[in-house]
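This report covers helix packing, nonpolar cores, strand pairing and selected residues. Please read it alongside the sequence and coordinates shown here.

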Amino acid sequence: MPHDTLGFTTHDHAVCIRSALSAADAACAARSVQLTPVRRRVLEILLESHAAMGAYDVLARLDAEGLGSKPPVAYRALTFLVEQGFVHRIERLNAFIACMHPGAAHDPAFMICRSCGVVAEAQVEAALGQTASQNGFKVEQTVIEAEGLCPHCQPEAKA
């Protein structure tokens with residue numbers, strides 16, 4: 001089965017997880033930063049599905065596994081993972097999702113299914129950067145989030 005990084009399409013999820021963890025390990029080694037056991041577990045939790053999770057949902061999992069029960073534990077790990085580009089924050093949902101293109105410089109766009117909660121990540125074309133540059137504006141961060149229905153939740157799919 002081919003590896004597909006979009007959350008709405010069929011793909012080999014085990015390969016998806018292994019690839020993301022391998023990329024995180026390599027990037028941390030290259031940057032001389034530590035992917036501590038808690039940070040790694042938070043990344044694994046977020047990689048389990050293509051749905052976004054709130055910080056307190058992540059904390060509940062860590063607590064259940066004996067890895068910490070205080071909010072700073074989850075927030076510190078999530079902050080590190082976002083800073084390293086392994087995780088994205090979904091503003092609309094106040095939640096986090098594992099990056100499907102770790103290690104690649106990209107501006108992600110998120111398609112959020114309002115029915116099932118699955119989130120697909122796509123890479124944004126350079127049009128915004130080109131327009132900004134033409135107008136003397138330097139883009140530092142882009143967050144594009146679209147809400148709708150995934151192929152499985154659309155009424156036609158259920159008929």
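## A buried glutamine

Gln84 is buried, because its relative accessible area is 15%, under the 20% limit. The model in which this value was computed is a predicted one. Gln84 sits in the loop that runs between α4 and β1, the latter spanning 87–90.

Setting aside neighbours within four places in sequence, Gln84 is in contact with Arg31 and Val33.

## Packing of α2 against α4

Two packed helices are described by the angle between their axes and the distance between the axes. For helix α2 (residues 37–47) and helix α4 (residues 71–83), the axes come within 9 Å and cross at roughly 80°. The two helices are therefore roughly perpendicular to each other, since angles of 65 to 115 degrees fall in that class.

On the α2 side, the contact is made by Val38, Arg39, Val42, Leu43 and Leu46; on the α4 side, by Val73, Ala77, Leu78, Phe80 and Leu81. By class, the residues of this contact are 9 nonpolar, no polar and 1 charged.

In soluble globular proteins, nonpolar side chains tend to be buried together. The largest nonpolar core in this model has 27 residues, and the members that touch the most others are Val42, Leu43, Leu46, Leu47, Leu81, Phe86 and Val87. Elements that give two or more residues to this core are α1 (13–31), α2, α3 (55–64), α4 and β2 (95–98). Of these, α1 gives the most, with 6 residues. A second, separate core has 5 residues, including Ile90, Ile97, Phe110 and Val119.

Which residues is Val87 in contact with, leaving aside its neighbours within four places in sequence? The contacts of Val87 are Leu43, Leu46, Leu81, Val82, Phe96, Ile97, Ala98 and Cys99.

## The open sheet

An open sheet is formed by 3 strands in the order β4-β3-β5, and its pairing is mixed. β4 (119–123) and β5 (144–148) are the edge strands, each pairing on one side only. From one strand to the next, the twist averages 20°.

Strand β3 (residues 108–113) pairs with β5 in the parallel sense, over 5 bridges. Cys113 has Gly148, in β5, as its bridge partner.

## Positive phi values

Most residues other than glycine have a negative phi, and most peptide bonds are trans. Ser32 has a positive phi, near 55°, and is a residue other than glycine. Ser32 lies in the loop between α1 and α2 and counts as exposed because its relative accessibility is 68%, over the 50% limit.

Asn94 also is not a glycine and has a positive phi, of about 50°. The position of Asn94 is in the loop between β1 and β2.

## Ala23 in α1

Ala23 is found in helix α1. Is Ala23 exposed, partly exposed or buried? Ala23 counts as partly exposed because its relative accessibility is 25%, which lies between the limits of 20% and 50%.

Ala23 and Ile112 are 89 residues apart in sequence, and their C-alpha atoms are 25 Å apart in space.

Note on methods. Residues numbered from 1 in each chain as written. Predicted model: local features only at pLDDT ≥ 70, side-chain atom pairs only at ≥ 80, totals over all residues. Heavy atoms only, no water. Axes fitted to C-alpha atoms, helices over the stretch in contact; angles between N-to-C directions. Helix = DSSP H or I, 4+ residues; strand = E, 2+ residues; numbered from the N terminus. Parallel < 35°, antiparallel > 145°, perpendicular 65-115°, else oblique. Contact = heavy atoms within 4.5 Å. Nonpolar A, V, L, I, M, F, W, Y, C, P; charged D, E, K, R; others polar. Buried < 20%, exposed > 50% of the residue type's maximum accessible area, 1.4 Å probe, protein only. Core = buried A, V, L, I, M, F, W, Y, C linked by side-chain atoms within 4.5 Å. Pairing = 2+ DSSP bridges.
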